[in-house]
Amino acid sequence: MTVAEAQDLYVARFEELGRRRASAEPAWLQTIRKAAIQRFGELGFPTTRDEDWRFTSVAPIANTPFRAAGDVPVEVSKAMVAPFAVRRLSCTLLTFVNGRFSRELSSFRALPAGAQVGSLADFLELDPGIVDPYLTRCTRDGSHAFCALNTALVEDGAVIYLPANAVVSEPIHVLYVTSAPEPLVTHPRTLVVAGDNSQATVIESYGGGAGEIYFTNAVTEFVVGEHARVEHYRVQRESLEAYHVSNTGIYLERDAVFAQQNIVFGGRLVRNDVGAVLDASGIECTLNGLYLGSGDRLIANHTAIDHAKPHCESHEIYKGMLDGSSRGVFNGKIFVRQDAQKTDAKQTNQVLLLSDDATINTKPQLEIFADDVKCTHGATVGQLDDEALFYLRARGIGRDEARAILVHAFASDIIDRVKVEPLRAALEDTLLGQLPGEAVV
């Protein structure tokens with residue numbers, strides 16, 4: 001399939017979706033969809049000639065005739081999603097299979113008065129006024145083809161709505177699982193609205209059948225009100241043959257606190273874009289990430305933090321471990337606008353190359369237009385410490401096990417920041433299962 005044919009296929013799918021859902025969706029959404037598909041047509045799939053995609057070729061996505069997941073029936077079972085659930089975690093669980101909400105595989109806990117969680121499709125049909133003010137508020141439809149494609153073709157996803165002063169004590173887990181007997185595509189959408197003084201922990205995770213080929217084109221939006229606190233854990237444990245492109249938009253208001261841990265263990269080609277706008281004073285924003293590459297996989301992380309107002313802090317640590325002939329990309333941008341005096345921003349990117357053929361392209365960027373700020377950034381790329389390796393081997397530990405211990409120690413810096421203990425244990429298990437050799441920790 002040529003790229004032009006693939007784009008025509010998505011346009012035809014948009015037209016079919018419009019006919020099928022016209023009576024179930026509000027007019028304002030249809031207007032948004034039409035604008036998005038037009039923008040997708042104008043932008044087309046990005047190529048390596050585009051600076052933002054210079055090191056990320058999406059040709060395997062553009063050239064594959066993915067079927068819409070909703071057109072392919074699959075049997076839904078607990079066994080299918082069990083490997084991606086978090087054991088011993090008491091939470092509200094929203095499960096989506098092939099992009100569609102599964103009530104049977106979901107569970108609901110008590111929520112504060114006024115708080116609502118559920119399926120985006122249900123909200124759009126039954127109570128669209130909840131999502132109308134917020135949907136697409138944080139997206140990059142105008143400049144990002146995949147984001148526009150999601151807006152045009154999204155059929156379902158998760159909505160988490162917290163009114164002012166709502167405090168949710170247990171995590172809310174949004175789980176997207178794909179079962180792909182043939183190459184499929186889903187466009188999941190997650191919208192989180194945290195009202196003033198609200199608090200919540202959101203786990204957003206993605207999984208799929210081992211060895212299966214599919215494409216996840218995800219968009220997540222956070223609108224975080226004044227003095228609200230949101231912890232976000234994004235976990236990607238998809239098939240090692242899967243393609244995953246995601247956009248996360250974050251809009252923060254005065255004195256809001258937002259922290260994200262972005263963990264990538266799966267995917268053949270993974271591209272994550274995260275953008276945060278600090279649009280008032282007193283905001284604290286943390287964006288951390290961890291990824292593990294192997295074989296010939298490609299994992300690209302692009303972050304942008306926009307300091308628009310004064311007296312805000314941002315913290316960012318991304319760590320990568322690349323083995324085999326895998327490749328990594330990190331592009332971190334920090335904008336400090338003229339009004340954003342007293343900004344305190346720190347960004348660090350650290351990469352461990354575990355083989356001679358692994359590569360990383362890293363580009364931390366600072367653009368500062370204010371004069372009274374504290375901003376630092378740095379990137380380090382290295383290999384395992386030979387002296388530490390020798391020290392462990394001299395004590396009778398095999399080479400592979402010694403490597404695993406050192407890699408685990410490197411990654412633990414991010415894993416240890418996960419505050420939800422069952423999730424931290426699950427991530428630890430996944431990490432140990434993917435480390436080279438048999439870990440001794």
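1. A crossing of two helices is called left-handed if the near helix is turned anticlockwise from the far one by less than a right angle. By that rule, α2 passes α6 in a left-handed crossing. Keep in mind that we're looking at a predicted model here.

2. Staying with that helix pair: the axes of α2 and α6 run 8 Å apart, at an angle of about 145 degrees. On the α2 side, the contact uses I32, R33, A36, I37, R39, F40 and L43. Facing them from α6 are A145, A148, L149, T151, A152 and L153. Sorted by type, the residues of this contact come out as 10 nonpolar, one polar and two charged.

3. How many residues of α6 are buried? Nine of its nine, so the helix is mostly covered. The buried set runs through A145, F146, C147, A148, L149, N150, T151, A152 and L153. As for what covers them, the buried residues of α6 pack against α1 (3–21), α2, α3, β8 (189–194), β10 and β12 (243–252).

4. Now the aromatics. Searching the whole structure turns up 13 aromatic pairs. One of them is F45 with F146: the ring centres are 5.7 Å apart and the planes sit at 50 degrees, so I'd call the pair tilted. F45 belongs to the loop between α2 (27–43) and α3 (59–62), whereas F146 is in helix α6 (residues 145–153). That makes it a link between distant parts of the chain, 101 residues apart. F45 has 7% relative accessibility and counts as buried; F146, at 0%, is buried too.

5. Another pair to look at is F222 with F258. Their ring centres are 5.1 Å apart with planes at 65 degrees, and because the cut-off for edge-to-face is over 60, the pair falls in that class. F222 comes from strand β10 (residues 214–224) and F258 from strand β13 (residues 257–264), so the pair ties together parts 36 residues apart in sequence. Both F222 and F258 are buried.

6. Last, two arginines over rings. Which ring does R395 lie over? That of Y391, again over the face and at 3.7 Å from the ring centre.

Technical notes
Residues are numbered from 1 along each chain as its sequence is written. This is a predicted model: local features need pLDDT of at least 70, side-chain atom pairs count only at pLDDT 80 or more; totals for chains, interfaces and linings use all residues. Side-chain values use heavy atoms; hydrogens and water are left out. Rings of Phe, Tyr and Trp (its six-membered ring) pair if their centres lie within 6.5 Å; planes under 30 degrees apart count as stacked, over 60 as edge-to-face and the rest as tilted. Helices (H or I, at least four residues) and strands (E, at least two) are DSSP runs, numbered from the N terminus. Buried means under 20% relative accessible area, exposed over 50%, partly exposed in between (1.4 Å probe, protein chains only). A charge sits over a ring if NZ of Lys or CZ of Arg is within 6 Å of the ring centre and within 35 degrees of the ring normal. Axes are lines fitted to C-alpha atoms, for helices over the stretch in contact, and angles run from 0 to 180 degrees between N-to-C directions. Contact means heavy atoms within 4.5 Å. Ala, Val, Leu, Ile, Met, Phe, Trp, Tyr, Cys and Pro count as nonpolar, Asp, Glu, Lys and Arg as charged, and the others, Gly among them, as polar.
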